[in-house]
Amino acid sequence: MSLAASFSSILRHRTVASAAPLLLRRFRCLPIAARQQNPKQEAPNKNLLKAKHTLKEFSSLAPVLSHEDNPPLSESQAVGVVAASQANFMRVIVPEEPSGSFQGVELLCVVRALLKKIKRRVMVGDKVLVGSIDWVDRRGMIENVFQRNSEILDPPVANVDHLLVLFSLEQPKPEPFTLTRFLVEAESTGIPLTLALNKMELVDKETMDSWKARLRDWGYEPIFCSVESGYNLDLLAFKLRDQTTVIVGPSGVGKSSLINALRSNPRVSDAAEGENWFEPILGSKWFEDQRVGEVSTRSGRGKHTTRHVSLLPLSGGGFLADTPGFNQPSLLKVTKQSLAQTFPEVRKMLSANEPAKCSFNNCLHLGEPGCIVKGDWERYSFYFQLLDEIRIREEFQLRTFGTKREGDVRFKMGDMGVQQAEPRLEPKKHRRQSRKRINQSILDELDDDDNLPDEEDDPVLKALRNENS
């Protein structure tokens, strides 16, 4: 064989050998291409769908529970009511056993850290899901909070049915503007309220008649009562029966004294019917009579005796929330547009002129053209003062936070296309500043000062420059 023929044979062999893998790959790809051209509708895997549904349930952050929900409970879980809050601990009243026997057990609970991260606040009066319960040591952890029917911020109480605004006729004397702030705060919640004036035994009949006529002009029917003599306590007990009532008012007006008197009222106790699952724990130190303090002789105001919010059971049914006294409600839920609706005088004038309305939909009733609300009522100056205060607060919030605020929870796409939730952290709040950035800021400040020594003479500046370089 010649040299040319040998070279041609070798070249042909290498070409076939190099083309073999290519043909093999093309052969392997044929079934895939054919399958793509003729797709088949396969039924979804039931196990995969079940796993995806289960993962979706556990991926959300403490899903919101409706007030009527009955979630499945394990032996270490129970549903209860937050009866008191102090520091980082909650007193929760739950049934004794998960089976649902209505014998109350008091548990000392902490709040799940996840609820704090997503800013889901736990308040006194909340219906909560308690887990990790130690039935021997009476301890547990609040895992979730049910939806609230209502809530108030001052003081923080949830699922409130009735508000009792309590003031005193003497020691301390009622201040009209302070009383107006409390009434506006109570009206803004939309919860039915009752106005009561305590310590009627310290004033004469003329003073009582004067306040009665004055408050009627404001649009309220006050109840005059006396814890000392027991006058009208039966009427108050009847109004508060079978409801969760929050007593609000300044310090020293007799809130704790009234609660002690209502809870020890024998007439109401005899009339009680039905089963109260708070009854087995009424001897607990937490639910004993509330502390009572004297009015300060120097300022004429009450001292802060009650220091935390607690939900106390009434023997006649219902609950009373004793709250710390405060003199300045925050009015955080009241806006410029909603302030007028918290005054019964304004509502009366608007209803009397129906179907006529103010010329402007956003009328603030400050004498605008075509406004049907006149300024000839007693509390108009208080309305103007509160409106100015709310306007300043809203302008400050607009400059500070803007109109858009991100939620406390953000969502991301997880495995198998399931949307997962996680807490949204504030930007740069949890990030530690690097040492290089700190040193650079120090150097920038030093460079601005001309009176500092030169770098060659200062060893500290030399060390900073060397570390950043």
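The dialogue below takes up confidence, a helix, a hairpin, nonpolar cores and aromatic rings.

Visitor: What average pLDDT does the chain have?

Guide: This is a predicted model, and the chain averages a pLDDT of 75, with 64% of the residues scoring at least 70. Over residues 51–59 the pLDDT is below 50, and this stretch has 10 contacts in the model beyond near neighbours in sequence. Residues 295–306 also stay under 50, and there the model has 25 contacts beyond four places in sequence.

Visitor: Why is helix α7 described as largely enclosed by the rest of the structure?

Guide: In general, an α-helix has 3.6 residues a turn, so residues three or four places apart point the same way. In α7 (residues 255–263), 8 of the 9 residues are buried, so the helix is largely enclosed by the rest of the structure. Among the buried residues are Lys255, Asn260 and Arg263, together with Leu258, Ile259 and Leu262. Their cover includes β8 (162–168), α6 (233–240), β11 (244–248), β12 (310–313) and β13 (319–322).

Visitor: In strand β12, which residues point one way and which the other?

Guide: In a regular strand the side chains alternate between the two faces of the sheet. Ser310 and Leu312 of β12 point one way, Leu311 and Pro313 the other, and all are buried. The strand pairs with β13 in the antiparallel sense over 4 bridges, and Ser310 stands opposite Asp322 in β13. The hairpin has 5 residues between the strands, and Gly317 takes a positive phi near 100 degrees.

Visitor: How many residues does the largest nonpolar core have?

Guide: In soluble globular proteins, nonpolar side chains tend to be buried together. Here the largest nonpolar core has 45 residues, and those with the most contacts inside it are Val92, Val122 and Ile142. Apart from that core lies another, of 19 residues, including Ala340, Phe343, Cys371 and Leu387. Beyond four places in sequence, the contacts of Val122 include Met90, Leu115, Ile142 and Arg148.

Visitor: How many aromatic pairs does a search of the whole structure find?

Guide: The search finds 7 aromatic pairs. Phe167 and Phe182 form an edge-to-face pair, 5.4 Å centre to centre with 85 degrees between the planes. This pair links distant parts of the chain, with Phe167 in strand β8 and Phe182 in helix α4 (residues 176–188). Both Phe167 and Phe182 are buried. Elsewhere, Phe343, Trp377, Tyr380 and Tyr383 form one aromatic cluster.

Visitor: Where does the charged end of Lys127 sit?

Guide: The charged end of Lys127 sits over the ring of Phe146, 4.8 Å from its centre. Arg379 lies over the face of Trp218, at 4.6 Å from the ring centre.

Technical notes. Residues numbered from 1 in each chain as written. Predicted model: local features only at pLDDT ≥ 70, side-chain atom pairs only at ≥ 80, totals over all residues. Heavy atoms only, no water. pLDDT = per-residue confidence, 0-100. Contact = heavy atoms within 4.5 Å. Buried < 20%, exposed > 50% of the residue type's maximum accessible area, 1.4 Å probe, protein only. Helix = DSSP H or I, 4+ residues; strand = E, 2+ residues; numbered from the N terminus. Pairing = 2+ DSSP bridges. Core = buried A, V, L, I, M, F, W, Y, C linked by side-chain atoms within 4.5 Å. Phe/Tyr/Trp six-rings, centres within 6.5 Å; stacked < 30°, edge-to-face > 60°. Lys NZ or Arg CZ within 6 Å of the ring centre and 35° of its normal.
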